[in-house]
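Morning, everyone. Have a look at the screen.

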Amino acid sequence: MGLAVSKNRLTLTPDTKLLRGKDTVYPVVVDPIPRTIHRSAWTGVMSGMPNEQDWAYSGSAGMGKCPINYNPTTCAGIGVRRLLFTFPLSAYKGKQILSAQFSARVEHVYWADAKAEPVDLYRIGGKNYTVTKTSSWGNTKDDWSDYLATMDTKISPTTCSGSANLNIKNGELLNEVKAATADSWSSMSLGLRAKDESDYPGWKRICGNTFLKIEYNTPPRQVDYKLMSTNPGGPCNWDPATRKYTDVLPQLRAEARDPDHGSAYADQVKMQFQVFYNDANGVEQNYLAETGYKSPNAGTVFTHTVTQPAGKPTIPASTLITWQARAFDGDAWGPWSSDGTPQRCAVMRDAARPKAPKVASPEYPDDDMWHHGIGTVGKFTFAASDKDVKEYRYVFDGEARKTVTVTGGAPATVTWNPPRAGRHWVTVEAYDGANNSSVPAHYEFLVTDGKQAAGQWNLDDPQGSELAQDSSDSGSHPGRPGTGVSFGAEGPGGVADGAAHFDGTKNAYLDSWGTVMDTGRSFSVSAWVKPTALNRDMAVISQDSTGEPGFVLGYDATDKAWAFSTPDMDVDAMTSWKAVAPAATYPVKANEWVLLTGVFDAYAAAGPELRLYVNDKEAAKTARHTAWSSIRSLQIGRVLAKSGYRDNFEGDLAEVRAYDRVLPQTQIAQLITVKPQRKGYWPLEAVGADGNSANVQAGGQPLALHGATIYKPANEFDDAALVDGGSLALDGTDDWAGTANPVVTGADSYTVAVRAKLTTPDAEKSQTVLSLPGRNADRITVRFQAATKQWELALTDADSGTAKVTTVTDADALPGVSLSGTHLAVVYDAVTHQVDLYVDGQPVATASEDEEHFFDHTTWASSGGLQVGRSALGGGGEYFAGSIDEVRVYAGAADATAIGRMNQLTGDPDL
């Protein structure tokens with residue numbers, strides 16, 4: 001592949017013959033994956049000072065015989081210098097290594113015309129040998145036994161932040177890396193020394209920020225038998241006691257997983273099936289079949305229908321068919337699915353057996369597409385092929401078998417509510433009057449984690465707003481406030497959160513001016529509530545109908561309790577179905593925030609049911625014996641009666657949400673995580689004697705400074721700090737700051753914010769502002785991306801070196817070097833999975849016409865402390881060059897108003 005680099009452009013020129021080749025399968029992707037790892041430890045050693053070392057030297061250090069003729073003072077007593085580096089290799093365990101390159105930056109050479117003077121690369125020591133602060137000439141001189149390569153070309157000097165100009169690729173270095181990763185080395189140490197250490201011309205100064213660039217391929221993972229099935233038949237099974245039958249040659253189904261596949265690297269794989277059967281003489285036969293290439297995403301199925309193989313004996317009408325599968329990524333085969341398991345998947349062919357029933361679902365079709373979702377009940381219809389069928393026996397996801405009876409082979413419809421996102425299945429057998437069973441039908445479908453809110457009013461709107469924004473995907477129901485509503489109150493998360501105040505008068509309400517949910521079907525409503533008076537009934541949320549509300553969630557003054565109720569009918573209601581939280585267990589207190597959630601489950605196991613949750617606990621439930629649909633506007637802060645609106649709310653409300661599905665308890669618990677709670681605020685005004693910068697948050701972790709310093713202008717002519725009197729100054733080489741333990745992990749709702757100023761917006765390398773590290777990947781990274789010259793948020797889906805990476809880029813504004821820098825903030829809402837990158841107080845827009853927001857469905861938690869000014873991966877990298885100030889971290893999602901306050905150029909310790 002051709003490569004051309006200009007100032008602002010990188011051009012790749014693919015091989016035309018490859019693209020037009022008859023064996024080329026599209027899409028064509030760039031593979032293998034390159035990964036750069038930086039040295040985790042480094043030092044310089046000196047023959048003239050055999051017990052001394054230049055541990056973790058900053059900038060560049062000498063290599064070769066120190067030229068005393070040039071620098072008699074500096075070189076006095078030094079003798080010969082060598083440089084040693086340790087590189088972590090754990091991330092390459094199990095990888096297929098394709099290429100390896102050692103790179104360094106030579107800052108100075110002996111000759112003014114930079115004539116060639118050879119430099120040698122060695123492997124130092126053996127398995128897991130590590131350079132330490134005690135490494136010296138005396139205890140390392142005998143470890144240089146494995147020569148790898150020589151670079152004997154002219155080297156034009158560069159800077160320690162420039163492009164690498166000493167590059168040694170493949171050859172014996174590749175062999176050593178292959179052998180080390182195959183033997184599960186956690187680290188390897190390499191060393192540089194002059195070819196001729198007896199004379200001065202070999203002298204060079206080499207920067208400490210060396211790196212290894214390794215290209216690798218990870219073979220596809222073993223195909224998981226739990227992701228394999230036959231139709232007819234069902235999930236993969238090899239137990240003769242529970243063997244399944246098919247009357248036809250079945251379709252085989254399997255999913256593949258490739259660690260190299262993600263949004264950053266779109267790898268593709270194909271599946272190979274191997275089918276076994278015994279012919280009429282009892283002799284085992286087999287054949288192989290391959291599919292086309294697909295992206296190995298969760299939910300993507302590779303299929304093969306068993307066929308009579310050419311040139312092979314006939315597959316008998318009654319025989320055991322077994323099979324296995326494996327995936328190929330273009331470079332390597334993954335293991336067979338049966339490796340390490342007792343047997344291959346098996347299904348018995350019996351052509352005389354009754355045919356499988358047909359299965360269909362309008363909510364969850366078997367079409368390899370994702371459908372909503374958790375909380376949405378699906379209807380599944382079973383239709384027999386024979387008229388004498390009397391019952392269907394069915395199993396969802398391996399649950400207990402259930403039975404539904406019919407007459408004359410009539411179809412039957414059952415309901416099922418998916419408990420989690422992912423692939424699900426149902427197997428169905430039809431039984432006749434003689435209790436003979438059919439071949440089992442196997443039906444698979446894909447389920448999301450649920451539809452987002454049909455309406456969402458965060459009530460964090462600016463003071464004086466004429467509408468309350470509907471933050472749901474549709475945004476079609478903005479709330480129109482009465483004059484008794486005022487915005488700008490503190491929310492459940494304090495000053496970093498917003499709310500609306502309702503004064504309790506008849507004008508204290510928000511009207512959505514439209515039906516949000518069908519209350520005759522399953523629905524859920526939720527709100528953060530802080531009452532200031534408890535002397536009368538008060539409505540939090542309701543929805544109008546003709547003369548009655550479709551429901552009301554609020555406070556019952558008679559019971560002095562929270563309640564969720566629905567009238568038995570519209571207009572002429574005789575009674576209501578009401579779930580009341582016991583006041584003794586869930587006391588209602590004035591001026592305290594509480595999360596209320598009401599759920600109507602039309603398909604509950606015991607029948608249609610109302611459930612009331614206080615915070616994340618189920619506080620009450622009751623049967624709803626009649627269900628009907630309200631047809632008018634959703635109301636916040638009041639409820640409809642025949643006499644008009646009443647029970648106006650007095651107090652504060654926030655985060656009002658309405659769903660046209662059941663909200664399960666696990667997702668209700670996530671609603672609590674949205675409330676922002678400050679975990680850290682570091683104004684970076686001073687550094688203590690312990691080398692830490694204090695955390696304003698009481699009990700919060702300090703920020704330890706590693707090489708970084710607090711800059712304070714000495715006089716009025718010096719550049720000002722970014723905010724107030726001080727800023728964190730970082731050199732871009734090895735300066736950083738961080739906490740000892742995680743502040744937030746990224747697994748739940750969070751907010752991180754910082755003000756940053758680059759030394760130069762034309763930097764040639766990417767620079768990390770903030771990161772939340774795991775062991776093998778950063779959960780989130782906020783960085784300057786050198787390739788685009790833009791601010792970027794990167795999120796990974798797993799703690800893996802080959803994790804899928806999702807990026808959010810600010811395409812509207814280029815980073816500058818203004819005196820105040822740029823304010824950057826990331827807000828993640830674990831309930832909606834929405835993630836927003838704010839730049840100078842404004843959210844970054846998507847580039848897609850179909851998606852209004854960015855989403856992150858990841859749940860893995862980072863394990864390392866907050867990193868400021870670098871990524872911790874590989875021992876440290878992407879060091880930031882410039883100034884950083886006003887670092888803030890919250891558990892929970894701060895609202896746009898709070899982000900605007902963080903963007904101010906004065907510190908705010910109360911925020």
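Start with a definition: a salt bridge here is a side-chain nitrogen of Lys or Arg within 4 Å of a carboxyl oxygen of Asp or Glu. Next, the ground rules. This is a predicted model, where local features need pLDDT of at least 70, side-chain atom pairs count only at pLDDT 80 or more, and totals for chains, interfaces and linings use all residues. Residues are numbered from 1 along each chain as its sequence is written, and side-chain values use heavy atoms, with hydrogens and water left out.

I'll show three of them.

Take Lys127 and Asp183. Their closest N and O atoms are 3.7 Å apart. Lys127 sits in the loop between strand E10 (119-124) and helix H2 (137-140), and Asp183 in the loop between helix H3 (172-182) and strand E13 (187-194), so this pair ties together parts 56 residues apart in sequence. Helices (H or I, at least four residues) and strands (E, at least two) are DSSP runs, numbered from the N terminus. For accessibility, buried means under 20% relative accessible area, exposed over 50%, and partly exposed in between, with a 1.4 Å probe and protein chains only. Lys127 is partly exposed, at 44%. Asp183 is partly exposed too, at 40%.

Next, Glu444 and Arg423. Their side chains meet at 2.9 Å, N to O. Glu444 is in strand E32 (residues 441-447), Arg423 in strand E31 (residues 422-432), and they are 21 residues apart. Are these two buried or exposed? Glu444 is buried, with a relative accessible area of 8%. Arg423 counts as buried at 15%. Both belong to a network of salt bridges that also links Arg253, Glu255, Arg257, Asp366 and Asp368.

Third, Arg888 and Glu886, at 3.9 Å, N to O. Arg888 is buried at 2%. Glu886 is buried at 4%.

On to the cysteines. A disulfide is a pair of cysteine sulfur atoms within 2.5 Å. The structure holds three. In sequence order, the bonded cysteines pair 1-2, 3-4, 5-6.

Cys66 and Cys75 come with sulfurs 1.9 Å apart. The S-S torsion is about -70°, so this disulfide is left-handed. Cys66 and Cys75 are buried.

Cys160 joins Cys207, S to S 2.0 Å. This link is left-handed, with -85° about the S-S bond. Cys160 lies in the loop between strand E11 (146-151) and strand E12 (166-169), and Cys207 in strand E14 (residues 204-207), so the pair ties together parts 47 residues apart in sequence. Cys207 is buried at 0% relative accessibility.

Cys236 and Cys345 have sulfurs 1.9 Å apart. Their torsion is about -100°, so the disulfide is left-handed.

Last stop: strand E39, residues 538-544. Seven of its seven residues are buried. Which strands pair with E39? Pairing here takes at least two DSSP bridges. Strand E40 (residues 549-556) runs antiparallel to E39, joined by five bridges. Met538 stands opposite Tyr555 in E40. E39 and E40 form a hairpin, with four residues between them. Strand E46 (residues 634-636) is also antiparallel to E39, through three bridges. There, Gln543 stands opposite Leu634.
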